[in-house]
Amino acid sequence: MASTPSNRLKLTPSNSPYLPHPTRTPYRSRASIEPRLSLKRVVGTTCVSPTGFDTVKSLFAYIAGGAVVVVDVDGAEYTQRFYRARPTATPIYSIPPHPYSPSTPTQTPKANDSRNRVSLRESSHGSHDWSESPTSSSKTWTSRERIKAATCLALSNEGRFLAVGETGYAPRVLIFSLEDNSSDTPLVSISEHGFGVKAVAWSPDSKYLASLGSANDGFLFIWKIDSKTGAAKLFQQNRCTSYIRGMIWVGNNLITLGVRHVKVWRVEEGQSPSPVKQKFIGEPNAAPQPHQKTLSGRNVLLGNMIDATFSCAAAIDDTKAIICSETGDICLFDDADKQMKLTNVLESGFGTTCVAIRENVVYIGGRSGELATLNLTSFLESNPDCLETNVGSFAGLFAMGFLEDNMVTVDTKRTIHVWEFDQNPQKLEGPEKVDLTSPIPISGHQDSVLGVDALKRPNAPDADFYSWSASGQVILWDVDGQVKSSFQVPLDEAYSEDEPDLLNQLTLVRATTGGKFFVTGDKLGVVKIIDFSTQKCVASMKAHASDCQFIDTYEDKSKFVIATCGRDRTAQLFHKTTSGEFEHFQTLEFAARVVQVLVPSADRVITCSLDRTLQIHDLVTKDGEPDAMAAIPSKTLPLKGTPSNMTTGSDGKSLYVSLMDRSVSIFDLEGGKLTNTFKCIDETGIESVVLDSLTARSATEKEPAILLGISNTDKSIRIYDAQSGAFLDREWGHTESINGLALLESNDSKRRIVSVGSDGTMMIWEMDLQDPSWGAATGEPSPIKDSSTVSRPTLRRVLSKAELAEFQRSSPSAGRRSPPRTVSKRRSIFNLSAASPSSSAKTPVPPLQTGPSLSVVEDTPSRRPSQDSRCVSPPASPKTRIKRRPSLPALNSAKTKSNGNLRAFGSLNMATEQACRTLRTYRKKLASSDPVSQDVLAELDQELRLTAVALGDRATRSKAMSDTLLNGLLDQYSERLVAMLDEKLRLNYRSISDQEPDLPRKRPSSAASAASAASAASAGSAAASSSDSNST
């Protein structure tokens, strides 16, 4: 019974036909970016059902991520073509508007309003009119809209067209022309399905294309195709909400099959109305269009197979088909005279996944790897003995099809094989007709590809890169996607009482120069080193307590260093000793989990951790012991966000760090400074992503320095300018998370990028960044930056204290300079007078007279002239007075030096104060038991004598000092100094009499010198009293 028609055709009146809407002029808000990446090879497939595989003539096609691979087989050779469309790709032909559709396009549809939305192509304006407007184009596409996967495909019978169905947000049905080579531009893009396309199928005459949505979408569309151009027009539609597993055409009828479901849809072409002459110029169509006829469908009675799930089918003729179930039931469908009948002929004994017919033989494949043949004539007679032979055992078949001279199979290892036939079409070539061999294997990884890395040439297997999977399989490839070699990494069994189902997996693989050694890490934290020549494990270390997060190696003629990091907040360092053994020499511990570790050179190790820090260690060795190595912390650089990945530049001077705040920071390794930071935006400048698997490449004469990375936010591969951070290009292709990226440098000056994903596919891209304008102006490898002052970074040059200490202040040109003070704090008159109470009590001094230029007080120097307004400081504590240690420059200097220092004091009053303080300090020092050199004592004696003579000359010239003042000063210092010196010399005489027998002679001479100095000073005083005599 046919379901009711859809209500997606709204009864909304169009614009008046008398005022035709003018065509919009193309407009772009910003210039489009030319594609820099082109897909050249796809390894592996995501096909898991017959709907993702098809064959016709010498062509077969299969889905691989977001692309479709079409292979043309010619004997033992084959060529590949790739078809995919960007989310913003504009098709060549637009879909004609539906009757009663709105005249203006709606916004980007949401996933939950697919029933009520109307496509852009349903409007009265073509897609070209609206695709260039500033409100549409790429700005309306979000990250989730870019993630699209190809889920089904179909080849037209004449081999001219390819139909591809997508899943994801706002999925499409794309129609490509197979007459062209690999193409990114579809002929038609249909966006009627809102929740994914489950299957597409061409009619035998290629006039119709059927597209079936998923169960949530619930729609089946029949599109009428123009055989000349490939343009599509909606012909019929209806609801189909069952879980469908396959769809085929049987004559002019369409059969859908799935979970407890087999249904026949009758496609009947009605008579088209005759055209009516237009009444007005510009009127698109004045004739009233009839209501669209609903696609009629009828369920097939299943009988005792009501609970069966039908998995695959193949058409025999216009009325008969073979339908198989997952449990192994092989049924015959007969629609003769429109009397639908389903007959269960036999059971194959294994779960059936695919079926194909070649001449009079039916081939049935199973998920467990079985391949059996049936006699078609006996099968049409419903003979249960039609099962002839069991051809062989495979790894498990997902899909199967026939070419002109070959059979193509897709197994569970994601590997495609092309088999050849002999003279007997019922058998395949191979030894003993059972152990089949494949002349053309199109290899792939059995499970998800966890990583990829480049392999430098020359190497023994002559490979360009290698990849690995969780099972421990490591495969070496060339740039054409051909397997050069492979080996299996032995994995230790995981045992945990808390997690009984824990499985060990291979997580990381790193190859040394030339591929001599392969360093591997697994989920248990075990690091193994495998010699590729013997494929044996030469070293095995338990490096980490849990997952091994990253491995890096450095090798030159003298050193071989291996660095690993794990989830246990440590980084382990290994090296190869001179004896050829691998040795662990240090463990670096951190406060947070280490994200990545790098060994860019023989003397440096760089790590980044989740505490937003970047640590740089220096690798050093002991002198004479090359095997004794250590990593010494050198620098710690802060990061603005949590790091996710990092890499060094090709010159080794710069470091690129990707942060979780969707930015990339660039550091100068020599200075440890942050040089630049940029956001990882797209061509619109709106959305930013987190980059991973960073790879940097230096600039050339025609190409700028670039930074490659992958983004699992929108499953894209991105290219940025490494210096300015400008966006260059991005591409999509993987449907699941991208696990690795590798840059391949070849001798033919072509640069290729290899990306691997969890969907089991590897994509090889060719990169072309050559720009004629690049480097033409200056010929320099770096790009010319914007010369605007506003765009430049703010100037910063803060001098450190060490740099400021290298500069000296210039002396003032005029004015009195303050004397150099060795004492940090002046003392007041109270604590200075109390500093030596005993000395002042022993030698009383009469009051001094105050002159106009000199003011002397007992034990207390003058602070400033009388007009100074500063207040007296409070008394100091005794502790401060005791701890004070003034310098004694006059005791250790020569005569000329002391005079020079005295002149530098400034005024005579300040020089007198300084001399008094020095003498008081010296008297305190004489009370100690420290020995005094005779040379120093002789010099002191000479200085005191000269000072007395100078004072006498001063008194004679000034005539201002009284006899009482001068005699009192001379008597006080002469008696006290002579007594202290005699006591000091007496004590020293006993201790050094054995070494210097002439000391008793020097002691009286020193005392006599002091007495003579005092007498000379007295003579000077007497001379000062008489104005007519002079002192000698």
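The model being predicted, local features need pLDDT of at least 70 and side-chain atom pairs count only at pLDDT 80 or more, while totals for chains, interfaces and linings use all residues. Residues are numbered from 1 along each chain as its sequence is written, and side-chain values use heavy atoms, leaving out hydrogens and water.

I begin with the open sheet. Its 4 strands run in the order S1-S56-S55-S54, with antiparallel pairing. Strands here are DSSP runs of E, at least two residues, numbered from the N terminus, and two of them pair if DSSP finds at least two bridges between them. Strands S1 (37-43) and S54 (738-745) are the edges; each has a single partner strand, so one side of each lacks a neighbour in the sheet. From one strand to the next, the twist averages 25°, with axes taken as lines fitted to C-alpha atoms and angles running from 0 to 180 degrees between N-to-C directions. S1 and S56 (residues 762-767) are joined by 6 bridges, and Leu37 stands opposite Met767 in S56.

Next, the hairpin of S46 and S47, with 5 residues between the strands. The two pair in the antiparallel sense over 5 bridges, and Pro643 stands opposite Leu659 in S47. In the turn, Gly652 has a positive phi of about 75°. Of the 6 residues of S46 (643-648), 6 are buried, so this strand is largely enclosed by the rest of the structure. Buried means under 20% relative accessible area, exposed over 50%, and partly exposed in between, with a 1.4 Å probe and protein chains only.

I turn now to salt bridges, each a side-chain nitrogen of Lys or Arg within 4 Å of a carboxyl oxygen of Asp or Glu. A search of the whole structure finds 20. Asp464 and Arg457 meet at 2.8 Å, N to O; Asp464 is buried at 12% relative accessibility, whereas Arg457 is partly exposed at 43%.

Which residues form salt bridges with Arg751? Glu703 lies in the loop between S50 (692-697) and S51 (706-711) and Arg751 in S55 (residues 751-757), so the pair ties together parts 48 residues apart in sequence. Glu745 also bridges to Arg751, with the closest N and O atoms 3.3 Å apart. Glu703 is buried at 4% and Arg751 at 16%, while Glu745 is partly exposed at 48%.
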